[in-house]
Amino acid sequence: MEMKDAKRVVVVGAGTMGHGIAQVFAQGGLEVGLVDTDPEILDHALRKAASSLELLAEHGMLPEEEVDLVLQRIHPTTNLEEALRPGADFVIEAVFEVPDLKREIFEKLESLTPADTILASNTSSLDIFGIVRLKDPRRLVVAHWFAPPQIIPLVEVVPGPLTSPDAVKFTASLLSRLGKRPVVMSQFVPGFIVNRIQFAIIQAVLEMLEKGWATPEEIDLAVKTSLGVRLPVVGVVQSLDFTGLRLVRDIELAAGRKSAFLETKVSQGHLGASTSRGIYDYGGRSEQEILRKRDRLYLQMLRHLETIKAFEPV
Ligand code: NAD
């Protein structure tokens, strides 16, 4: 299916995520069927979308006169069959995180849609590919959005063992067309990318809070004034190139962990920015040149964070 063919989508579940996902598709010019079992949630979803669109217009990110046009492209209904009747190139499920419910929805979706409709799940924590048994599993893919979906750019696109490469490509292209930043994983792993990292952070935070090692305010200030400045610029992987991979390897060894990945890098002499090659390849640029570029960005980030008073609690 060619990308330009995607004209209509259906979002199943109009809660925290569904209403925002529907809004993004409608902003992208697509007609959207929005389904929820609860009519009050559908009303609430449209009110929240209206309020969010007005905020975007206030910030100059959407022409004021488009607010109503975008809303008119969202068609709420409590009836799944009715939502699918005009056709759908892409359906995304964002209902409660309950395996039996998801299984039931996908069985219905498969029986109510043509074979070329891509069926996606927004699940955060379930192995949807183990739960849902489609007759044609090539159509099933994870498209995992982040709250609030109308603001956060990332959507993780995750194939199951039987998902077709075309379904992955279609999903990623559609998301790009909406202005999102899809990141495609090679295979399903629990937590995908971001939640795997976030789970590790949550464990560390809970331990510190339970043991009283620092107050909530101190922990947040510590993170905002260090990682908060660095991570938007270098991410969590390139960050290691600046720490230096030999040091990271030695820290890991001292903690009793041996990383084959790090051992290979160190044995190849790919130590990070200092050798112009680490996990990233700096194309022969000198360390000084790389650090100047990085530090210019750090300074801009720091100035911006201070300007918006980001180091204070929300
Ligand atoms: P939510 O509870 O806010 O909304 C779920 C909606 O599904 C409810 O409005 C409910 O009425 C509706 N629903 C239940 N059964 C239905 C059915 N049979 N047909 C149609 N609608 C039905 O949940 P949420 O936070 O939006 O999460 C939805 C999904 O998105 C979950 O799989 C969750 O893991 C995932 N997710 C959530 C977040 C988040 O930050 N909340 C982030 C990423 C992914």
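**View 1. Strands β4 and β5 run parallel and are joined by 4 bridges.** Two strands count as paired if DSSP finds at least two bridges between them. Helices (H or I, at least four residues) and strands (E, at least two) are DSSP runs, numbered from the N terminus. The model is predicted: local features need pLDDT of at least 70, side-chain atom pairs count only at pLDDT 80 or more, and totals for chains, interfaces and linings use all residues. Residues are numbered from 1 along each chain as its sequence is written, and side-chain values use heavy atoms, with hydrogens and water left out. Ile 92 has Ala 120 in β5 as its bridge partner. From β4 the chain passes through helix α5 (residues 99–112) to β5, a right-handed β-α-β crossover. Right-handed means that, with the strands pointing away from the viewer, the path from the first strand over the helix to the second runs clockwise.

**View 2. Strand β5 (residues 118–121) is covered on both faces.** In a regular strand the side chains alternate between the two faces of the sheet. Here Ile 118 and Ala 120 lie on one side, and Leu 119 and Ser 121 on the other. All four are buried. Buried means under 20% relative accessible area, exposed over 50%, and partly exposed in between (1.4 Å probe, protein chains only). β5 also pairs with strand β6 (residues 140–145), in the parallel sense over 3 bridges. Val 142 in β6 is the bridge partner of Ser 121.

**View 3. Phe 25 and Phe 90 form a tilted aromatic pair.** Their ring centres are 5.9 Å apart, with 50° between the planes. Rings of Phe, Tyr and Trp (its six-membered ring) pair if their centres lie within 6.5 Å; planes under 30 degrees apart count as stacked, over 60 as edge-to-face and the rest as tilted. Phe 25 sits in helix α1 (residues 18–27) and Phe 90 in strand β4 (residues 90–93), so the pair ties together parts 65 residues apart in sequence. Phe 25 is buried at 0% relative accessibility. Phe 90 is buried too, at 1%. Ring pairs link Phe 25, Phe 90, Trp 145 and Phe 170 into a cluster.

**View 4. Phe 129 and Phe 188 form an edge-to-face pair.** The ring centres are 6.0 Å apart and the planes meet at 75°. Phe 129 is in helix α6 (residues 128–131), while Phe 188 is in the loop between β8 (181–184) and α8 (194–211). The two are 59 residues apart. Both Phe 129 and Phe 188 are buried.

**View 5. The largest nonpolar core has 41 residues.** Such a core is a set of buried Ala, Val, Leu, Ile, Met, Phe, Trp, Tyr and Cys residues joined through side-chain atoms within 4.5 Å. Val 11, Phe 25, Leu 34, Phe 90, Ile 92, Trp 145 and Leu 174 touch the most other members. Helix α2 (residues 39–58) gives the most to this core, with 7 residues. A second, separate core of 24 residues includes Val 12, Val 91, Phe 129 and Phe 192.

**View 6. Phe 90 has contacts well beyond its sequence neighbours.** Contact means heavy atoms within 4.5 Å. Leaving aside neighbours within four places in sequence, its partners include Arg 8, Phe 25, Ile 118, Ala 120, Phe 170 and Leu 174.
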